[in-house]
Amino acid sequence: MPVIAKSESHQTVITTFEMTPGTCQDLLDLLTAAYEEFISKQAGFIAAGLHVNDAQTRIANYSQWRQREDFLAMLRSDEMRRRNREINGLCKSFEPVMYEVAATFD
């Protein structure tokens, strides 16, 4: 389970996917399989979550990695490049962006 906390030791990646309601479930299935079968087994992976908006036009993915290089190595792997081509075919766009947690509030 992702833990959101200000920390110098983790890399946070938030990826947003834009799609039509007709492809939302298919894309969610692909992303779920990617995490279960590949991403979660990569070096440096900590945790992730998938979120779907009410209109089923966007999926937000929050993932945490031990360090930036771990995420980049996974992203550049032949397996993930293949999966990303398939994912790209189901959505209008997707963009992974690396963040640092600046503050949290309870």
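# Briefing: fold, surface and helix α1

The chain holds 3 helices and 4 strands. Along the sequence they follow the pattern β-α-β-β-α-α-β. The radius of gyration is 14 Å, close to the 13 Å that the globule rule gives for 106 residues, so the chain is as compact as a globular protein of that length. The model is predicted.

**Overall dimensions and contacts**

- Along the principal axes, the C-alpha atoms fill a box of roughly 40 × 35 × 20 Å.
- Take the contacts in the chain with a separation of 6 or more: residues 24 or more positions apart account for 72% of them.

**Burial and surface**

- Of the 106 residues, 33% are buried.

**Charge**

- The side chains include 11 positive and 15 negative ones.
- The centres of these two sets lie 5 Å apart.

**Helix α1**

- Helix α1 covers residues 21-37, which is 17 residues.
- At 1.5 Å a residue, helix α1 should span 24 Å; its end C-alpha atoms are 25 Å apart, which agrees.
- Seven names make up its buried set: Cys-24, Leu-27, Leu-28, Leu-31, Ala-33, Ala-34 and Tyr-35.

Note on methods
Residues numbered from 1 in each chain as written. Predicted model: local features only at pLDDT ≥ 70, side-chain atom pairs only at ≥ 80, totals over all residues. Heavy atoms only, no water. Helix = DSSP H or I, 4+ residues; strand = E, 2+ residues; numbered from the N terminus. Rg over C-alpha atoms; globule rule 2.2 N^0.38 Å. Buried < 20%, exposed > 50% of the residue type's maximum accessible area, 1.4 Å probe, protein only. Contact = heavy atoms within 4.5 Å. Lys, Arg positive; Asp, Glu negative; His and termini not counted. Charge placed at Lys NZ, Arg CZ, Asp CG, Glu CD. Expected span 1.5 Å × (residues − 1).
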